[in-house]
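Reader: Could you take a close look at a single part for me and walk me through the surroundings in one go?

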Amino acid sequence: MNYIGEDLLPGQVGHFFVIVSLVASLVASFAYFKATKVIIPEDRKSWLKLARGAFILEVAAVFIIFAALLHILYHHLFEYKYAWQHSSRSLELKYILSAFWEGQEGSTLLWTIWHCVLGLIVIRKDKEWEAPVMMIVSFAQFFLATMILGVYIFDVKIGSNPFILLRNSGVLDNAPVMHAGFDIANPIRPDYMTLIKDGNDLNPLLQNYWMTIHPPVLFLGFASTLFPFAYAMAGLWTGKTKEWVHKALPWALFSVAIFGLGIMMGAKWAYESLNFGGYWAWDPVENASLVPWLILVAGVHTLLVFKHTGFSLRATFIFFGLEFLFVLYSTFLTKSGVLGEASVHAFADIGMNGQLFLFLLVFVWLMPFVAATTSRQRIIIALVTAALSISTYFLAEHIPGYPLYVILSGIITFVVLMNKQVPAVKKEESASSREFWMFIGALVLFLSALIIIFQTSLPVFNKLYKLNTAPGENNEFAYNQIQVLVAIIIGLLTAIAQYFRYKSTPGNIFLKKIALPTFISALVATFILVVIKINYDKEGLGFLINIWIALVAGVYAVIANLLYLFISLKGNIRNSGGSIAHVGFGLVLVGILLSSGKKEVLSHNTSGIAIDFGKGSKEISGENLTLVKGIPMTMGKYKVTYEGDSAHPKKALTYFKIHFRSPQDSFTLYPNAFINYKNNEGLMANPSARHYWDHDVFTYVSALPDPSKNKDTAQFAVSSKKVGDTIYYSRGFIILEKMVGKDNLPLQNFDRSDTGYTASLKVQSINGPSYQSDLLMIKGKGQVLFQSQDTVMAQSLILQLNDVQNGVAKIGVKESSAVMQYVTLKAYKFPYINLLWGGVIITVIGTLISMVRRLRLNRSRQLL
């Protein structure tokens, strides 16, 4: 059947090049494998030529796939499921890219693109290590290509095709209008495209400029983690267990900088787009990216220890192996759907759990494969990997925890084989040496990562072992009470470790150097604790004391590194990357503690209007202020007024104009919110914040009247009252203060014999303000000809004068929640939050300076 209006060419081109990418990456992997193993130079040259050609073909294919999918989104070709599911005609141009990587297929493609770019750099710059490193990179590309293949083999789904047509996706199967008038053999109407007016739209929480730039940076960080791993595995594979470190260090530093920046850009997005009430909530997706970064940082420090002393090479292999494995594990967590109920921004399950696990399993067992010292060992490991992959498919449901045991056995096998191949220095490190404390710091980071991933993986353990373990009511505190101790240790080590020498440091020299930083840090920390103060008593005195100590450690890290930079390094920026990065880290630590420890709720309920947030909500009624439209309310030092709202011209999205005024300042914020978006129950909200140099005023909408549930079904209750009488309602009382009648009305369409009556009412709320209401009724020939209604929105009241006889007024009173136009806000003050964002930037700059220095040293080494 010919379907009218479809543009099939972009999808056909895109899917063809998906297959090209798959085949080319497999050919590149094999050719690079052969180039690594052959000894004869001419043979090696031939295999390298084939490998490079295949990889470059793969790069071209990946960019064509990217262009095809972008074309589909940009031109709103809704015959493709991906365009229909993730975009709409109303989507602004700047968010087309956000729609591109909203889906699993687009984000996988983004990851693949960065592998291509970085792989080309290796081919261009590192001929010595190209073959073994690029074999691993191409092998990873092969697996990523399968993720967007979208074919079935024996009813097993391999990948998810981003170019699948909407009519073939099953989405239209339950839409009767798409089948009207046609038989079973041709279920979809040939003109179905005329019925598709628009797409499903991009989730409004992702319609933020941070989601245009955060994912590319984060996935560049994700992609870059492969290269320290690849160099470490190449070192084992080729038997060059020490030579690889010089090449790997710049890659590792680059990955630390970019990956860390991507994570914190995500935190900034969460701060501006999610109602976390902050920038971090220990959300599982946040944790899944943080864990490999922590392990990578640990690996960088042990690698530096090895370069200067010969210690910690085995630990470096382990850290560089695990950091990439945890990148794959985090991919499994976020893409498998296992975190669907635990995270606000995990992907849904699209039926690729087995494939995602296979990706992880193969790279787990790739590590012992390259660590093996003989061909026989490698053949055995390859066979074991195949057997375990197949057995996992059949036994995972029958043996609780079987997939976990397969992963752990691979890691243990790697450690055993790696220890046999990698030499270790027998001499013990001195406790007065820099390398000792750097290793301790790396170990603390690693343990911190393991604790975080264990807590994050509870949904996985529940599924593996058929448990029902919950993280607890106060999930954030469960993380914080441990990680604050980690912050203390890391802050102190960041401050003092550099004042030790490598190998050994005389005690008097260390004390002499550390005395001034310690004294100045003590003064600054005392000032902060006494004058600025942190009185965070939400979790008890013990936790507060830990926050104080962590703050001291953070200040110590900043001051000690600044003084080391200017005194010991004499301000030489080129050689000061580590100190600059540590200054930034100290500022991040101080910024986190001050902004979170001194976070102040501004929106205490002073309106007397209590909102029921429902079961499961974390919102506290007393910490949310309901603003009635046009009525100023007190919020801390501010008078806050809900001045109005405006609807998005093409979306079910409302922007609220909230004006803040204080004696010193005034500003307007525009938080937005939407109810029941895409059939999702409940409120979704984007915050808005006012930024100052020393604090932010941060607010988001926490409750709205739901038009679909807020219908006015209330009835008027009529009371007969004389002047001075009182009418009671649920939140106060009403006094009839005055009533006047008048004939000969000077109004058109009324006779002289008609009589107009006015009633003045005072509405007094309980323990609150009072309101004045004036009602009008016109009566003639025994009938009511006209009557006005007055609305007291703050009290949800509608009043009307029904009749007047012999000095007695019949007054109708209706209480209805549908009357009041209101918005409920949660507002915080975040002091010193710019220390956090500034610290992130300084950390990235310092790490990149270190990377550039290492590249310069590598070039000098090659010239020698």
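Author: Let's start with a polar contact (N or O atoms within 3.5 Å, one able to donate a hydrogen and the other to accept it; residues adjacent in sequence count only if both atoms are side-chain atoms): a polar atom of the D126 side chain lies 3.4 Å from the backbone nitrogen of W129. A word on the numbers: this is a predicted model, with local features needing pLDDT of at least 70 and side-chain atom pairs counting only at pLDDT 80 or more, while totals for chains, interfaces and linings use all residues. Residues are numbered from 1 along each chain as its sequence is written, and side-chain values use heavy atoms, leaving out hydrogens and water.

D126 sits in the loop between α5 (104–125) and α6 (130–147), helices being DSSP runs of H or I, at least four residues, numbered from the N terminus. D126 has a relative accessible area of 5%, so it is buried (under 20%, 1.4 Å probe, protein chains only). Leaving aside neighbours within four places in sequence, D126 is in contact (heavy atoms within 4.5 Å) with I121, Y231 and K247.

Methods. Helix = DSSP H or I, 4+ residues; strand = E, 2+ residues; numbered from the N terminus. Buried < 20%, exposed > 50% of the residue type's maximum accessible area, 1.4 Å probe, protein only.
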